[in-house]
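Please read them with the structure in view.

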Amino acid sequence: MITVKNLHHSYSRDEKYAVKDVSFEIEKGEIFGFLGPSGAGKSTTQGVLSGLLQLQKGEVTVAGYNVKHIKNKMFNEIGMSFEISNVYNKMTAKENLNFYRKLFDVETREPEDLLEMVGLGDKGNIKAGDFSKGMKHRLTFARSMINNPSIWFLDEPTTGLDPAIAATIKDIIWKEKKKEVTTFLTTHNMHIADELCDRVGFIVDGELILIDSPKNLKLQYGEKFVDIEFVKDGEPIKESLSTIDDKDKARIKNIIDNYEIQTMHTKEATLEEIFIKVTGRGLV
Amino acid sequence: MLKKIWAVYIRDLKVNTREFITLYLLLIPIIFAFVINALAPSINDTTVKLAMIEGDNPEQVEYLENFAKVSLYKDIEKVTERVERRDNYVGILPEGDGYYIITQGNEPAGVVDFTKALQALYVLDAKVEDSTAEIISFGMDIPPLKKMLVNISILFTSVLGGMLIAINIVEEKGDNTISAVNVTPISRMGFILGKSMTGLILPIYGSISIILITGFSHVNLLQMMLIVLSASLLSLLIGFVEGLANDDMMTAAGSFKMIFLPVAGAVAVAEAVSDKWQWTVWWIPYYWTYKGNDAVLSESATWPQILLYTGIILALSGAVFLLLVPKVKRGLESH
C-alpha cells in the first residue's frame, strides 16, 4: 500500500537533508510504527507520504498513487490525524465533521457515529473552541476516519489523552486494522508502538536505522534483566543484572548465596531500551 | 468541485455570522445605505426651513410651502424656541398688518435672504407661472452629494470583501486547519475559489442593497456589477495576502486598512482635482471603479465606456495578481 524508495527531503532545498535515503514498504492492513526522537524526520516523512510536503527526491507510492504527481482523488483514500489538533474552534464538533465530509468524493461516515466512538457523543453541539485539549485531539482523530480511509496516518494519536481514552483510541485502531486499513503511526511513545505495531522503523537524524517487528527486535537486541534488592552490611542495595552476560550471571549467583534477598524480578527489555541500544540516542 | 467550493463558502459565511467584527462587515452596506438616506438630501429637499404660527395665515403657509419646508407652532414662544435650536430654521411672525423675520443669527446669509425674498414675493402675490424665463436642463436629476456617498459606499463594499477574506484566512491559520484541508480531495484552486466567494458575494449583495435602499434601483445593474466585480478581484487578492501575512484578526484588519489610502486618494482626485491632474491616479484600479460607478449612477454610462473601465481595472489588477499569486500559493502550502 505504501512504497518508499530512497526518499530525501531538504527544507532548505540543498544537501542538508531532514530525511535522507529512506526506503521501506508497508503492506495492506499493516500497522507500521515510525519511531524516533523529536526532529528525527518522522513528521517530514509523513508529510511527504500524505502529500502535505512536495516530494523532492526518491519514489513514493501511496495506495497506488505516485506522490510525485499527486492527484486530488488520492486523498479520498487517506485519513490523517495530526499531532496538534486542528479543528475549527468557532464550529461545533458536528459542524466540523459535516464540513469536512463534504470535501470528499467517497461515501463518508456519520459524524454522530464517529463522535460516539471517541467518547464525544454528547458533545456534538458544543463548539470545538470550548473543548479541552484532549477532546480536540479526539475530534481530530475522529475526523481522520470520516472518509473510511484505506491508508491512515496517525501522528501521536494518544498524546495528551488520559489512559482510559487512550485505550479507546487503541481499540479503534485495532478495529480498523481488522478492516485491513493500513496505518502509518508516527510516535515517540514506545509503549503504544509496542502494543499496536506489526513492524516498527527507527529513524534518527533523518536516517532509517532499522525496520522489524517489536517481537523480533526484542529477540535480537533485547536482554532479560533481573532486578535484585538485597541487604549488605545492614544497607539495602538494588542492582539490575543481565541474565545473558556471564559476569552478571556470576554476580546474581553470588548475591543469592551470600546476602539476604528482599525482592527479585525478571524484566524484559523494552522497545525504548532497544531503541537506545541500537541508535545510541534517547527518545526526547 | 462546485459542491466543495460551495461548502467552503458556506462554512465561512456561517462562521462570519458568529463573530461580531465579521457580522458587522456583512451588515455595513445596509448600515451605510440607511445613513446615506438619513443624511443626504433628496433632489426635492429645500435648504430653507421656516417656522410659523399655526392658524395665523393659512393662505401664506400654503404659498410658502411651495418653496420651503414650513413647520407650524402654536405661539410666538414656540416659534422662537424652534428658531433657537442649532439648525437653520427661520421664523416668520405677524406684527400688526405686516410680518417680521426672526433668526438665531448664525444662519447662512443665503437662507435669510431667501426667506426675505419669499416673504416679499408672497406680499406681491407673484406666481411661478408669471416667470418668463425658459428652463434648459442638463438632465442632472440626482443629488450630487447622495450620488457621491453611494458611489463611495459601493467602492468601500468591494474593498470589504477582501477584508473578510483576510479575517477568514487568519481564522484558518489560527486553528491550523489549512493542513487538514490540504489532505482532502479539494484542490488548492478550489479552496481559493471557495474562500474568494465571500469577497465576491459581499460586494454584490452590498452594492445591490445600497442602490435599492438609497433609491438608485433604476440604474443599469449589469454595468454596475461588471465594475464592482472587477474591482473586487483586486480586493480579494489583497485579502488573501494580508490573511496569510498576519496571525490575528485585528492585525489583519489593521493591515488591510492600508488599502483605503489609494481608495481615498482615487476618490479625492476624481472629485476635487482638476482634469489636468487626473492622470496622477490612473494607476489605481479603484479610480476607474469610482469613475465607472459615477457614470452608472448618473445613468450616463455607455457600454463601451464601462467595458473600457472594466478592462483597465482588470489589466491593473492582473499586474498585481501576477505579482501576488505565487505568494498566496506558497502561503497556503506552508500552513
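The points below take chain A as a whole, then its sheet and hairpins, and then parts of chain B.

1. The model is predicted. Chain A contains nine helices and 13 strands. Along the principal axes, its C-alpha atoms fill a box of roughly 75 × 50 × 35 Å. Of the 284 residues of chain A, 50% count as buried. Taking contacts in chain A between residues at least 6 apart in sequence, 66% join residues at least 24 apart.

2. Surface and charge of chain A. The accessible surface of chain A is about 13,500 Å², and carbon and sulfur atoms account for 48% of that area. Chain A carries 39 positive and 44 negative side chains. The centres of these two sets lie 5 Å apart.

3. The six-stranded sheet of chain A. Six strands of chain A form an open sheet in the order β6-β7-β8-β3-β9-β10, and the pairing is mixed. The edges are held by β6 (78–81) and β10 (207–212) of chain A; each has a single partner strand, so one side of each is left without a neighbour in the sheet. Direction ignored, neighbouring strands of this sheet are turned by 15° against each other on average.

4. β6(A) runs parallel to strand β7 (residues 151–155) of chain A, and four bridges join the two. Within this pair, Met80(A) has Phe153(A) in β7(A) as its bridge partner.

5. The helix on the sheet. Helix α7 (residues 214–221) of chain A packs on the sheet and touches β9 (199–204) and β10 of chain A. The direction of α7(A) makes about 95° with that of β10(A).

6. Strand β9 of chain A. How many of the six residues of β9(A) are buried? Five are, so β9(A) is largely enclosed by the rest of the structure. Strand β3 (residues 31–35) of chain A runs parallel to β9(A), with four bridges between them. In this pair, Phe32(A) is opposite Arg199(A) of β9(A).

7. The β9-β10 hairpin. On pairing with β10(A), β9(A) runs antiparallel over five bridges. Ile203(A) faces Leu208(A) in β10(A) as its opposite residue. The two strands make a hairpin with two residues between them, and Asp205(A) in the turn has a positive phi of about 50°.

8. Strand β11 of chain A and its partners. Strand β11 (residues 225–232) of chain A pairs with strand β12 (residues 235–242) of chain A in the antiparallel sense, over eight bridges. Val231(A) is opposite Pro236(A) in β12(A). The hairpin of β11(A) and β12(A) has two residues between the strands, and Asp233(A) takes a positive phi near 55° there. β11(A) also runs antiparallel to strand β13 (residues 260–267) of chain A, joined by seven bridges. The bridge partner of Asp227(A) in β13(A) is His265(A).

9. The four-stranded sheet of chain B. Chain B has an open sheet of four strands in the order β2-β1-β3-β4, with mixed pairing. β2 (69–73) and β4 (98–102) of chain B are the edge strands; each has a single partner strand, so one side of each is left without a neighbour in the sheet. From one strand to the next, the twist averages 30°. Strand β1 (residues 49–53) of chain B pairs with β2(B) in the parallel sense over five bridges. Lys49(B) has Lys69(B) in β2(B) as its bridge partner.

10. Helices on the sheet of chain B. Helix α4 (residues 76–83) of chain B packs on the sheet, where it touches β1, β2, β3 (89–95) and β4 of chain B. The direction of α4(B) makes about 155° with that of β3(B). Helix α5 (residues 109–123) of chain B also packs on the sheet, touching β1, β3 and β4 of chain B. For α5(B), the direction makes about 35° with that of β3(B).

11. One residue of chain B. Is Ser196(B) buried or exposed? Ser196(B) counts as buried, because its relative accessibility is 5%, and the cut-off for buried is under 20%. Ser196(B) lies in helix α8 (residues 188–213) of chain B. Leaving aside residues up to four places away in sequence, Ser196(B) touches Ile165(B), Leu236(B) and Phe240(B).

Terms used
Residues numbered from 1 in each chain as written. Chains lettered and ligands numbered in written order. Predicted model: local features only at pLDDT ≥ 70, side-chain atom pairs only at ≥ 80, totals over all residues. Heavy atoms only, no water. Pairing = 2+ DSSP bridges. Axes fitted to C-alpha atoms, helices over the stretch in contact; angles between N-to-C directions. Contact = heavy atoms within 4.5 Å. Buried < 20%, exposed > 50% of the residue type's maximum accessible area, 1.4 Å probe, protein only. Areas by Shrake-Rupley, 256 points an atom, 1.4 Å probe, with all protein chains shown as cover. Lys, Arg positive; Asp, Glu negative; His and termini not counted. Charge placed at Lys NZ, Arg CZ, Asp CG, Glu CD.
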